[in-house]
Amino acid sequence: MTTPTASFAGRTVSRIGYGALQLERLRDRRGEAVALLRQAVELGVDHMDTAEFYGFGFANDVIREALRPEDDVLVVTKVGADPNPGGHPPLRLAQRPEQLRASVEDNLRSLGVDRLQVVNLRRLDSGPGLRPEGDQVVDLDDQLAVMTALRDEGKIGAIGLSSVTLDVLRRALPAGIVCVQNAYSLVSRDDEDMLELSVAEGIAWVPYFPLGGAFPGLPKATAEPAVHAVAESLGVTTTQVGLAWLLHHAPNVLLIPGTADPAHLEANMGAGEVTLDAAARAALDAVESRSNEVPIG
């Protein structure tokens with residue numbers, strides 16, 4: 001199976017990678033989790049997205065076991081939050097510079113590497129989910145100072161951003177940002193200006209929630225009549241249409257759909273082979289964009 005490619009952190013990768021968040025569903029079936037990652041590599045996945053707080057280290061541990069040096073997979077992790085077993089949600093913010101450094105060290109240990117290829121600074125300025133409060137409200141410059149120091153020390157190869165605003169991205173550009181990971185999909189396109197800036201700056205755009213929100217009350221691409229109509233006309237799934245729209249929308253979009261199911265993994269990779277003609281793209285572009293903020297109350 002072949003998929004289109006794009007530039008990411010100075011190398012060329014498949015535009016469809018794998019997000020490791022769902023691996024936690026296989027916690028009691030570790031062998032299946034390892035086999036799933038091996039299947040991903042065999043299908044052409046050469047970049048994976050993870051975090052120490054995915055399954056309290058389980059995702060990183062499985063990646064460490066499953067991947068081999070000859071696979072040459074670009075592993076991207078993130079800092080800004082840490083595992084919080086038993087908490088609701090089961091993570092805690094870790095935005096302070098010393099916490100970012102500690103999180104990098106945790107990822108180095110759990111992934112079993114001397115250098116993290118790409119590390120996303122998860123700011124939480126935008127998108128659904130938590131917002132920093134109290135001592136977790138940290139100035140961007142202080143965070144970038146420690147991230148660039150870690151890069152200078154050789155512990156980080158490149159720096160990305162996650163859940164940021166257009167202003168934050170602009171301020172961070174001098175630090176050499178290689179990717180932005182924001183909530184973005186066919187049904188939530190508030191960050192169009194940021195996507196355009198990323199294209200202009202050669203920065204990879206790696207959307208999370210690429211099919212819409214995972215929280216109740218948020219719009220979902222797979223529920224849109226236009227998506228169903230295009231899927232039926234092409235003989236593909238609504239998920240594949242939602243992912244294909246992202247690939248067609250901008251050349252720097254890289255996808256990291258996550259799953260714990262081998263069949264879904266293969267179907268996600270197949271989205272790279274879905275061609276949307278002008279009429280299909282026009283119908284999808286006409287879908288209303290709605291907020292991805294979590295409704296309160």
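Me: Is A267 buried, exposed or in between?
Reply: A267 is partly exposed, with a relative accessible area of 25%. Buried means under 20% relative accessible area, exposed over 50%, and partly exposed in between, with a 1.4 Å probe and protein chains only.

Me: Before I go on, what are the ground rules here?
Reply: This is a predicted model, in which local features need pLDDT of at least 70 and side-chain atom pairs count only at pLDDT 80 or more, while totals for chains, interfaces and linings use all residues. Residues are numbered from 1 along each chain as its sequence is written, and side-chain values use heavy atoms, with hydrogens and water left out.

Me: Ok. Which helix holds A267?
Reply: A267 lies in helix α9. Helices (H or I, at least four residues) and strands (E, at least two) are DSSP runs, numbered from the N terminus.

Me: Which residues of α9 are buried?
Reply: In α9, residues 262-270, the buried ones are L265, N268, M269 and G270. The elements covering them include β3 (18-19), α1 (30-42) and α8 (238-249).

Me: What caps the N-terminal end of α9?
Reply: D261 does, with a side-chain oxygen 2.9 Å from the backbone nitrogen of A263.

Me: Back to A267. Which side chain has a polar atom 3.0 Å from the backbone oxygen of A267?
Reply: That of Q240. A polar contact is a pair of N or O atoms within 3.5 Å; within protein, one must be able to donate a hydrogen and the other to accept it, and residues adjacent in sequence count only if both atoms are side-chain atoms.

Me: Where is Q240, and what else is it in contact with?
Reply: Q240 is found in helix α8. Leaving aside neighbours within four places in sequence, Q240 is in contact with A267, G270, A271 and V274. Contact means heavy atoms within 4.5 Å.

Me: Is Q240 buried or exposed?
Reply: Q240 counts as buried, at 11% relative accessibility.

Me: Switching to S110. Where does it sit, and is it buried or exposed?
Reply: S110 lies in helix α3. With a relative accessible area of 14%, S110 is buried.

Me: What does S110 touch?
Reply: Not counting residues up to four places away in sequence, S110 touches E52, N60, D61 and R64. The side chains of S110 and E52 are joined by a polar contact of 2.6 Å.

Me: While we're on α3, how does it cross α4?
Reply: The axes of α3 (residues 97-111) and α4 (residues 140-152) come within 9 Å and cross at roughly 35°. Axes are lines fitted to C-alpha atoms, for helices over the stretch in contact, and angles run from 0 to 180 degrees between N-to-C directions.

Me: Left-handed or right-handed?
Reply: The crossing of α3 and α4 is right-handed. A crossing is left-handed if the near helix is turned anticlockwise from the far one by less than a right angle, and right-handed if clockwise.

Me: Which residues meet there?
Reply: From α3, P97, L100, R101 and V104 meet D142, Q143, V146, A149 and L150 of α4. By class, that contact has six nonpolar, one polar and two charged residues. Ala, Val, Leu, Ile, Met, Phe, Trp, Tyr, Cys and Pro count as nonpolar, Asp, Glu, Lys and Arg as charged, and the others, Gly among them, as polar.

Me: Now aromatics. How many pairs?
Reply: Four aromatic pairs. Rings of Phe, Tyr and Trp (its six-membered ring) pair if their centres lie within 6.5 Å; planes under 30 degrees apart count as stacked, over 60 as edge-to-face and the rest as tilted. One of the pairs is F53 with Y54, edge-to-face at 5.4 Å centre to centre and 90° between the planes. F53 and Y54 are buried.

Me: And why is the pair of Y184 and W205 edge-to-face?
Reply: Because the planes of Y184 and W205 are at 90°, with ring centres 5.6 Å apart. Y184 lies in the loop between β10 (177-181) and α6 (192-201) and W205 in strand β11 (residues 204-205), so the pair ties together parts that are 21 residues apart in sequence.
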